[in-house]
Amino acid sequence: MNIKNIIEIVEKTGNTLWDFFASLKLTIFLFTVIASASVAGTFMPGKIGFMKFLQGKPEWIIRLADVLELHDIYNSPWFAFLIIMLGVNIVCCSFERLPSVMKIVRKKPLPPSGSKIESLKNKNRYASDMSMEEGIYSAKEYFKKNRLKVYESKQSDLYSCTAEKGRWTRLGVYITHFGFLLLITGGLIGNLTGFTGVIEIPENETESTVTLFDNQQKLDLNFTVTCNYFEIVKYDRTNTPKSYESEIIFNKGLEDEYKDIVRVNKPLRFNNIKFIQSGYGRRLEGKVSLSLHDIKTDEKVAEYKMNEGDTVTFPDGKTKFNLFTFRPNFNISRHNLGETFLGIVLKNKKQIPAALPVNNPGFDKHRRGDFYLKVNDFNTKYYTSLQVNKDQGVYLVYSGFLILLSGCFISFFMNHKSFYLVLKKGEKDDNTEFIFASSSNKNKKAAEDEVQKFYNFITVNKES
Amino acid sequence: MESNLVLSVVTFIYGLSALSYITGTVFNKSKIANFGFFLLIAGLTGNFAGFILRWIESYQLGIGRIPLSDMYESLVFFALSGAFMYALVSKRFNRPAVGSVVVTIIFLAMAYAGISPSADSAIKPLMPALRSNWLTVHVITCFIGYSGFAISFAASLIILFTGDTDKGRDLDELNYKMIIYGFLFLSLGIITGAVWADSAWGRYWSWDPKETWSLITWFVYAIVLHARYMKTFKRKTIAWLSIIGFIAVLFTYFGVNQLLSGLHSYA
């Protein structure tokens, strides 16, 4: 095999590859696959549900699901790969077709030849008693009124011109595609370099780490975030929340401090990171005081002051109680218990969950232990919950949006419209024959209408 | 509330209009179909009045918001935009058969709004995340898009029923026109939704089921638009694709709420 052969083979495979990537069939194939994968993704139950579903399934299915990241299709590498392929496909399609379209867009139109105008289907003739000069004047009036640009040629008894507009709108499709490319590029950049998480700050406290949504890991922000106050605004005379807001101070060293209010639908931005008021909650402040009662006599046998996470041992010496958490609104089988402390009672290596609703002091009797617990005194404070988001691709995505929309508008509703006119000396002296036709790259009906409009214009002009 | 009464009457008028269109089509009587158009305009007027009335009533209740935020209100708006859009195009594409399908869809939307338990007609205050001007733009653009797709669906059905004849050329044009309107407005709807999500939830896209399904719909119609450039796709294939697109619209609208959960679960 000599070099010439190798070059030939390389060229051949190159061409085949190019044809493959520049084909509209690939576009439709990718659209279909991405849409199908998205459909599948909406029916996936999330990581925990998916793991339950996989329990007891054959090993290879579990491994396949793991490799394909089926629990999180939209963030899987192969989904990103499909979208990148779509991008490559669009780029290749554009390189394949854009040069010839650019040639047309750059071309200066010529006045029509006699045979060109004869070949157009919607041509019309009109014998006018205007002189040639009057005819030209009248036609130019029409072109001016309709903002058509005129390219003309004039001889003693023959005038011809092409008048047109919207030649550049042939690029509409490419504008749309460029917008789409920007959009997916911005999306990928955001996905690779950004993060999303949540930060919860009680009133008058300061935080500096974000809990990431993806893996629940902590991320340090390099600056501190303080919540001055948190407030829920209600609708007049009702208890329905209308909005909620927090006053936040960002601090990055002595010089760099920024204070503002974040509320629902009005995020804040600091250091290229966005903070969104996404929720709120209430937390225990200080210790809660609990009392332990004998289930038979209702007599108080002990009193405890506990933090969340603390464990105490009951007077019998073998039962332990671990206070787990405080919930401002706890539901048990659709029944709302309101403010409730949750914990676990450990007895003889058995773990029994315990719910201690503040407004229902006898509730713990249902647990049927030797003792029951009652909540006596505690304080809570609000914390604000802010979603934290860093995404440097967002500006690309937004410009992609705008360009995509304008591209769609141009390619759907605008067209390249040409109007051809030839004026000849008529049979009688001082008479002029009009021959005219129109064409459009998209809208044939509009081209026909244009011919009629022109006819109406010159005949009316003649009468006046 | 008066608006509910008005809208019930409107449902009835739309029903009669659909019936006239169908009768006119089946018996080939253009006069009856024309009466259907007259009823459609009457229904449209009442629909608009009901929409405005509900808006006013929300102010009287001290809530004060444009009625575009739950299942009931979105169905009423869908009927309004669908009827308006069809009234606009039906002069040029005078096909009572298409009217039969479109007005039946509009009637069904209104009837569903009136009957279904998931479409509660009480005016409720907005939850905090929905209090945004983006809500208005987002819902209006989406539903104009859906209306376009509904009309294209009707045209496609008739194309498939009547066969691939030369006479069907204007139906083909109607189908395409409505798809490009629908596509542009769906794009606008998705984009305004993304911008809004960015300000309300901090992310312009989070693969919420409703978002994803609107994107799936967008892809289906993108396939239609690209398939037109390929000679291998015939008019009937395009019609089928457009029907699949409308099924995706319906799933985005109803199926997602019933079967999947996510950020849009309240509407």
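Good morning. I begin with two helices of chain B: helix H3, residues 71-89, and helix H4, residues 96-115, pack with their axes 8 Å apart and at an angle of about 160 degrees. The structure before you is a predicted model.

How are H3(B) and H4(B) oriented to each other? An angle over 145 degrees counts as roughly antiparallel, and the two helices are therefore roughly antiparallel to each other. Their crossing is left-handed.

Let us see which residues meet. H3(B) contributes, among others, Tyr72(B), Leu75(B), Phe78(B) and Tyr86(B). On the side of H4(B), the residues include Gly99(B), Val102(B), Ile105(B) and Met110(B). By class, the residues of this helix contact are 14 nonpolar and two polar, with no charged residue.

I now turn to the contact between the chains. Chain A gives 36 residues to it, and chain B gives 34. Which elements of chain A give two or more residues to the side that touches chain B? They are helix H2 (24-43), strand E7 (241-252), strand E10 (273-294), strand E16 (371-390) and helix H9 (394-413). The largest share, 11 residues, comes from H2(A). This side of chain A has 21 nonpolar, 12 polar and three charged residues.

Finally, the domains of chain A. The assignment gives domain 1 (3-105), domain 2 (114-166 + 416-463), domain 3 (192-283 + 385-405) and domain 4 (285-378). Taken over C-alpha atoms, the centres of domain 3 and domain 4 of chain A are separated by 35 Å. Thank you for your attention.

Conventions. Residues are numbered from 1 along each chain as its sequence is written. Chains are lettered from A and ligands numbered from 1 in the order in which they are written. This is a predicted model: local features need pLDDT of at least 70, side-chain atom pairs count only at pLDDT 80 or more; totals for chains, interfaces and linings use all residues. Domain bounds come from an automatic or database domain assignment. Two residues are in contact if their C-beta atoms, placed from the backbone, lie within 7 Å. Helices (H or I, at least four residues) and strands (E, at least two) are DSSP runs, numbered from the N terminus. Ala, Val, Leu, Ile, Met, Phe, Trp, Tyr, Cys and Pro count as nonpolar, Asp, Glu, Lys and Arg as charged, and the others, Gly among them, as polar. Axes are lines fitted to C-alpha atoms, for helices over the stretch in contact, and angles run from 0 to 180 degrees between N-to-C directions. Angles under 35 degrees count as roughly parallel, over 145 as roughly antiparallel, 65 to 115 as roughly perpendicular and the rest as oblique. A crossing is left-handed if the near helix is turned anticlockwise from the far one by less than a right angle, and right-handed if clockwise.
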